[in-house]
Amino acid sequence: MSTGELLSIEPQELQFPFELKKQITCSMQLRNKTDSYVAFKVKTTNPKKYCVRPNTGIVLPHSTCDVIVTMQAQKEAPPDMQCKDKFLLQSAVASPGTAPKDITPELFNKESGNQVEECKLKVNYVAPPQPPSPVREGSEEGSSPRGSISDNGTVNNTLESNSAPRSFAESHEKSSEAKSLISKLTEEKNSAIQQTNKLHKELELLRREGKKSNVGGIPLIYVVIIGLIGLIVGYLIK
């Protein structure tokens, strides 16, 4: 806060939450510390960039006046977010009953014998306020995904965190059982095919021998072999 004899100014540094392509405002309050009318005037080193309302006015004795400074929307940020702009606030004792329209440049001329004070104000850019984090309080980095909230307010973390591993394990177990069953059936099929081929060869051999020794009848072993082949073929069809 300024310690001038006429006006106290708060704050002493104009802070703008800088955002590209957006107008930003900052306010300061002037308080008259005297029993006199005090006129003020605000100047800036970059008048095209800022709009001051009001830029001139009267502060009544022991009263306050708010001044709004608006920075026009900027297309690019300054290097390192440093701003060299400055403001100058001049104040001078005015005659009782003076209105803002009666303020003239001569009122702030020290050479005219007027009581004039000057206060320089710096401009500072600050980071804009961050939106609240969606992460609930008490959550830790690296923790499991958030669970849904049930009707009674409890958090259902168990189902969400365990369902995927459990499903994967069950699928893997079923896949192993299926592979084992297929392998077993394949072995049995190959074994049956080998037995069939062997029986065909034996049948062919017996048939040749039967033609030589017993042309008029069918040997008993021939009937037995045919029955076995029928059983094996029936098993394979199932």
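These legends describe close-up views of one predicted model.

**View 1**
The protein chain has 238 residues, and 24% of them count as buried. Its secondary structure comes to 2 helices and 11 strands. Along the sequence, the pattern reads β-β-β-β-β-β-β-β-β-β-β-α-α.

**View 1. An open sheet of 4 strands.**
In what order do the strands of this open sheet stand? The order is S1-S3-S7-S5, with antiparallel pairing. Strand S1 (7-10) and S5 stand at the edges. Each has a single partner strand, so one side of each is left without a neighbour in the sheet. Neighbouring strands of this sheet are turned against each other by 20° on average, direction ignored. Strands of a sheet pair through backbone hydrogen bonds, either parallel or antiparallel.

**View 2. The pairing of S5 and S7.**
S5 and S7 pair in the antiparallel sense over 4 bridges. Look for Val52: its bridge partner in S7 is Val69.

Leu30 is found in strand S3. Is Leu30 buried or exposed? Its relative accessibility is 0%, so Leu30 counts as buried. Now find Thr64. Leu30 and Thr64 are 34 residues apart in sequence. In space, their C-alpha atoms are 5.4 Å apart.

**View 3. Two nonpolar cores.**
In soluble globular proteins, nonpolar side chains tend to be buried together. The largest nonpolar core here has 27 residues. Which of them touch the most other members? They are Phe16, Phe40, Tyr50 and Phe87. The elements that give two or more residues to this core are S1, strand S2 (13-17), strand S3 (24-32), S4, S5, S7, S8 and strand S9 (116-126). A second, separate core has 8 residues, including Ala39, Ile58, Ile103 and Leu107.

**View 4. The salt bridge of Lys49 and Asp85.**
Side chains of opposite charge can pair when their charged atoms come close. The count of salt bridges comes to 2. One of them joins Lys49 and Asp85, with the closest N and O atoms 3.0 Å apart. Lys49 lies in the loop between strand S4 (37-44) and strand S5 (50-53). Asp85 lies in the loop between strand S7 (64-71) and strand S8 (86-94). The pair therefore ties together parts that are 36 residues apart in sequence. Lys49 is buried, and so is Asp85.

**View 5. The salt bridge of Lys22 and Glu19.**
Lys22 forms a salt bridge with Glu19. Their closest N and O atoms are 3.6 Å apart. Lys22 has 43% relative accessibility, so Lys22 counts as partly exposed. Glu19 is partly exposed too, with a relative accessible area of 31%.

A disulfide is a covalent bond between the sulfur atoms of two cysteines. How many disulfides does a search of the whole structure find? The search finds 0. Cys51 has 24% relative accessibility, so Cys51 counts as partly exposed. Cys83 has 17% relative accessibility and counts as buried. The cut-off explains the two labels: buried means under 20% relative accessible area.

An unreviewed UniProt entry lists residues 182-209 as "coiled-coil region". In the model, this span is 100% helix and 0% strand. The end C-alpha atoms of residues 182-209 lie 41 Å apart.

Conventions: Residues numbered from 1 in each chain as written. Predicted model: local features only at pLDDT ≥ 70, side-chain atom pairs only at ≥ 80, totals over all residues. Heavy atoms only, no water. Disulfide = S-S within 2.5 Å. Buried < 20%, exposed > 50% of the residue type's maximum accessible area, 1.4 Å probe, protein only. Salt bridge = Lys/Arg side-chain N within 4 Å of Asp/Glu carboxyl O. UniProt positions renumbered as here; feature names shortened; annotations may be inferred. Pairing = 2+ DSSP bridges. Axes fitted to C-alpha atoms, helices over the stretch in contact; angles between N-to-C directions. Core = buried A, V, L, I, M, F, W, Y, C linked by side-chain atoms within 4.5 Å.
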